[in-house]
Amino acid sequence: MKIYKFLSLFFIAFTLFTVSSCRNNDDEEEVITDTNPGKLQVKFENGFNNLGNIVLNQTTQASANGQKHQFSTLKYVISNITLIDENGAEFKYHYNDPDKGAFIVDQAEAVAGVNYINLTEIPKNNYKKIRIGLGVSQTAYLIGQDGQGIFWQKAKTAGMAWSWAAGYIFTKLEGKYGTSSATTEFMNHCGNMGNTAANNTADLYREITLDLPTTARVTKDITPSIHILANFNQYLSGQTALTLDNTNNMAMGSNPHLVNVTNNISKMFKVDHVHND
């Protein structure tokens, strides 16, 4: 009888242990499954004073120095997108790989005033900040034309490139300006002139880190959308108040005026909100 009771207790204990082990294994499998990557969308809305949807050839703004200006062309390159989680760890999206990680924001292609960038294979995580590159880094450029042939062709087609020796146009701003009304044409094309160290020219590539007002929660089932406003009032009315005239209204490359333009517009980005859908 004692042996029978012992065997019965042993069998019960063994059964409970087996069930518990199976449950633990199931939990582990669920955790592994839940690490599947997801997607994330970044939206850019260009406006004046954070009022979105600049209408090309129509929307007119007065600068801090009293000039009026409007855009007929408004384009810029975004690259090296980096997501920063709650612990400060960074996920770099095809960093210094323009073929997969560089994008052209073109106001002429905006849908209801918004340009969309869709990212895939984003690790499941809670992200608190985003960093964006304005332009193309020297590291990426110096990989050579063969290492970025896809994006180079896109840039050429979009008018965002000079010759390969000169490289990419980072920001293309064209339109009209004037005192009482915008009637005089201007063209400011900001970008590096090839190898900046070898050519002793300014490097206009900038990286900008932005806080997210709401955590972007990426999972295989949730695709957050980060809505960024670009306030183009910074162009002439930013940290350096600029005046367009016949010395700078047809400027290309990285001269001192375009360094000021770049420094101004690198401050124009702000995350307005995040959707976790």
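Below is a working chat about a predicted model of one protein chain.

Colleague: What does the secondary structure of the protein chain come to?

Modeller: The model is predicted. The chain has 7 helices and 13 strands.

Colleague: And how many of the residues are buried?

Modeller: Of the 277 residues in the chain, 48% are buried.

Colleague: What share of the contacts with a separation of 6 or more comes from residues 24 or more positions apart?

Modeller: Such residues account for 74% of those contacts.

Colleague: On to the rings. How many aromatic pairs are there?

Modeller: The count is 15 aromatic pairs.

Colleague: Take Phe71 and Tyr235. Why is the pair called tilted?

Modeller: Their planes are at 45°, so the pair is tilted. The ring centres are 5.8 Å apart.

Colleague: Which parts does the pair tie together?

Modeller: Phe71 is in strand E3, residues 68-85. Tyr235 is in helix H6, residues 234-237. The pair therefore links parts that lie 164 residues apart in sequence.

Colleague: Are Phe71 and Tyr235 buried or exposed?

Modeller: Phe71 is buried, and Tyr235 is buried too.

Colleague: What about Tyr76 and Phe269?

Modeller: They form an edge-to-face pair. The distance is 5.8 Å centre to centre, with 65° between the planes.

Colleague: Where do Tyr76 and Phe269 lie?

Modeller: Tyr76 lies in strand E3, and Phe269 lies in strand E13, residues 269-276. So this pair ties together parts 193 residues apart in sequence.

Colleague: What is the relative accessible area of Tyr76?

Modeller: Tyr76 is at 0%, so it counts as buried. Phe269 has 7% and is buried as well. The cut-off for buried is under 20%.

Colleague: Which residues form the aromatic cluster?

Modeller: One cluster is formed by Phe44, Phe48, Phe71, Tyr76, Tyr177, Phe186, Phe232, Tyr235 and Phe269. Both pairs we discussed have their residues in that list.

Colleague: Where does the charged end of Lys92 sit?

Modeller: Over the ring of Tyr95, 4.5 Å from the ring centre.

Colleague: New topic. What volume does the largest pocket have?

Modeller: About 160 Å³.

Colleague: Which residues line the largest pocket?

Modeller: Ala102, Phe103, Ile104, Asp106, Glu109, Phe151, Lys154 and Ala158. By class, that is 5 nonpolar, no polar and 3 charged residues.

Colleague: What gives the most to the lining of the largest pocket?

Modeller: Strand E5 does, with 4 residues. E5 covers 102-106. Helix H4, 149-157, also supplies at least two lining residues.

Colleague: Back to E3. Is Leu83 buried or exposed?

Modeller: Leu83 is found in strand E3. Its relative accessibility is 1%, so Leu83 counts as buried.

Colleague: Which residues is Leu83 in contact with, leaving aside neighbours within four places in sequence?

Modeller: Its contacts are Leu40, Ala89, Glu90, Phe91, Ile122, Tyr127, Lys129 and Ile130. Separately, the C-alpha atoms of Leu83 and Asn125 are separated by 9.6 Å, and the two are 42 residues apart along the chain.

Colleague: Last one. Where is Phe170 found?

Modeller: In the loop between H4 and strand E8, 171-178. At 3% relative accessibility, Phe170 counts as buried.

Colleague: What does Phe170 touch, not counting residues up to four places away in sequence?

Modeller: Among them are Lys75, Tyr76, Val77, Leu134, Gly135 and Val136. Met160, Cys190 and Tyr205 are also included. The C-alpha atoms of Phe170 and Leu134 are separated by 6.8 Å. Along the chain, those two are 36 residues apart.

Terms used. Residues are numbered from 1 along each chain as its sequence is written. This is a predicted model: local features need pLDDT of at least 70, side-chain atom pairs count only at pLDDT 80 or more; totals for chains, interfaces and linings use all residues. Side-chain values use heavy atoms; hydrogens and water are left out. Rings of Phe, Tyr and Trp (its six-membered ring) pair if their centres lie within 6.5 Å; planes under 30 degrees apart count as stacked, over 60 as edge-to-face and the rest as tilted. Buried means under 20% relative accessible area, exposed over 50%, partly exposed in between (1.4 Å probe, protein chains only). A charge sits over a ring if NZ of Lys or CZ of Arg is within 6 Å of the ring centre and within 35 degrees of the ring normal. On a 1 Å grid over the protein atoms alone, a cavity is a set of points where a 1.4 Å probe fits but cannot get out, and a pocket is an open set with protein on both sides within 12 Å along at least five of seven lines; lining residues have an atom within 4 Å of a point. Grid points are joined across faces, edges and corners, and a volume is the space filled by probe spheres set on the points. Ala, Val, Leu, Ile, Met, Phe, Trp, Tyr, Cys and Pro count as nonpolar, Asp, Glu, Lys and Arg as charged, and the others, Gly among them, as polar. Contact means heavy atoms within 4.5 Å.
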